[in-house]
Amino acid sequence: MLIINIETARRFILGKQGLWPGRRWRGIQGTEQAMRAMEYLQLDPLQIIARSQDIKLYGRVLDYTPGLWEEVTYQQRNFFDWGGWLAVRPMDELPHWRVLMRRERDGVADTDTRIHKMGHDHAEAVAEMRAILRERGTVSNRDFKMATRTRTQSYRGRKDSSLALYYLWRTGEVMTHHREKFERVYALTETIAPAHLIHESDEDEVTRFLIKKEISFSGLARLNRTSDSWQRGMPSSKANQIFEVMLADGDIMAVQVEGWKHVQYALGSDVQILSDLNAGRAPQAWAPLATTTTEEVVFLAPLDPVSARGRAKVLFGFDYVWEVYKPEDKRKYGYYTLPILWGDRLVARFDSKLDRTTNTFVILGFWLEDEALGKDEAFAAALAGGFARFVTFLGASKLDGEAIGEPLLRHRIADALKHR
């Protein structure tokens, strides 16, 4: 078993996700490379300053502009979106995911059996939507007015047509053709996916794929049954047997992080990277194209896998909760607070909004973990560079930083914006 310290674990997880030691991809080609390295690009419809998926990619890709992920997904067809846990996945993985789609259609144990029930309860609407898609080519939920449909009380929609389309999407008969204001426009799978990918992989191969996918996404993973993909629809005894074979063959390896209670698992192919990091060396393949995160901070999206769902506390000792769903009087920081990555640590956070009337990026609140950073010249320069890049990414014309209480930080940011 490989034993590593917390610093190595932190850098490994950040590096696997493309966040450390700096951006190593550029432009639209780099967007595809980053999305593949991330394994899943989780999607979220909220657009307070920018959507979460775009903020994730801004932190990993030089010259990233909002919406590039949609171009490589829906125009180039290199990816597709799917799942109750909505994420973009590489198109060449489709045969593996089609096994899970079929399991959801059949209502197999350990899948979302609500999908099977949805198809059964709305069978007439499903057949109708299938026929309409064959006739029209593309269809969206907005094409059907409530007055002409049967009202439902589902968590997935209020019209039988929306549930039928969602069912066809979850079970693999249709895919997302493109999005309009983030809403899916559907088309039959055979009109979107390459014909050679519209088949199912071997069941055991799918289990191996899901195990490796989950580990690669996390960098270091416990592999418990609450994971999105681990063991879905596969009897646990069979999955555990395959897991043990993979461990024995070196496809995956056990890792103990000093101070962590539970054993983690990493890909066997990452053993050299972990060894290099343990020795204080960053892999050459991770070399940044421009600034490092020490030279320029990066702002993390609310759903970034390195910090979301309690991981910020484990990895960085940074207590972060996305407060968007909390009542206003229960929020400690703000509605859309973003963590700030400096080097390999989370050192601050800020809440903000984009005033679209004046095209001003407004800082609503700013909090340092260590007050001494407010007088740190190196941090001030890194923070200023980060805000200058972020304002450009947002397409804002100016920044209102009056809520930043530290004069040094506020002044450095203002100077950087003058010269961007």
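This is a predicted model: local features need pLDDT of at least 70, side-chain atom pairs count only at pLDDT 80 or more; totals for chains, interfaces and linings use all residues.
The chain comprises 14 helices and 18 strands. Its radius of gyration is 23 Å, close to the 22 Å given by the globule rule for 420 residues, so the chain is as compact as a globular protein of that length. Along the principal axes, the C-alpha atoms fill a box of roughly 65 × 60 × 40 Å.

Two packed helices are described by the angle between their axes and by the distance between the axes. Helix H1 (residues 6–16) packs with helix H11 (residues 271–278) at an angle of about 130°, the axes lying 9 Å apart. Angles of 65 to 115 degrees count as roughly perpendicular and those over 145 as roughly antiparallel; H1 is therefore oblique to H11. The crossing of these two helices, H1 and H11, is right-handed. On the H1 side the contact is made by Thr8, Arg11 and Phe12, and on the H11 side by Ile273, Leu274, Leu277 and Asn278. By class, the residues of the contact of H1 with H11 are four nonpolar, two polar and one charged.

H2 contributes Gly27, Ile28, Thr31, Glu32 and Met35 to the contact, while H4 contributes Leu68, Trp69, Glu71, Val72 and Thr73. The residues of the contact of H2 with H4 divide into five nonpolar, three polar and two charged.

Strands of a sheet pair through backbone hydrogen bonds, in either a parallel or an antiparallel manner. In the model, an open sheet is formed by three strands in the order S3-S6-S5, with antiparallel pairing. Strand S3 (41–42) and strand S5 (79–82) stand at the edges; each has a single partner strand, so one side of each is left without a neighbour in the sheet. The pairing of S5 with strand S6 (residues 87–90) is antiparallel and extends over four bridges. Within S6, valine 88 is the bridge partner of aspartate 81. Helix H5 (residues 94–106) packs on this sheet and touches S5 and S6. The direction of H5 makes about 20° with that of S5.

Methods:
Residues are numbered from 1 along each chain as its sequence is written. Side-chain values use heavy atoms; hydrogens and water are left out. Axes are lines fitted to C-alpha atoms, for helices over the stretch in contact, and angles run from 0 to 180 degrees between N-to-C directions. Angles under 35 degrees count as roughly parallel, over 145 as roughly antiparallel, 65 to 115 as roughly perpendicular and the rest as oblique. A crossing is left-handed if the near helix is turned anticlockwise from the far one by less than a right angle, and right-handed if clockwise. Contact means heavy atoms within 4.5 Å. Ala, Val, Leu, Ile, Met, Phe, Trp, Tyr, Cys and Pro count as nonpolar, Asp, Glu, Lys and Arg as charged, and the others, Gly among them, as polar. Two strands pair if DSSP finds at least two bridges between them. The radius of gyration is taken over C-alpha atoms; the globule rule is 2.2 Å times the number of residues to the power 0.38.
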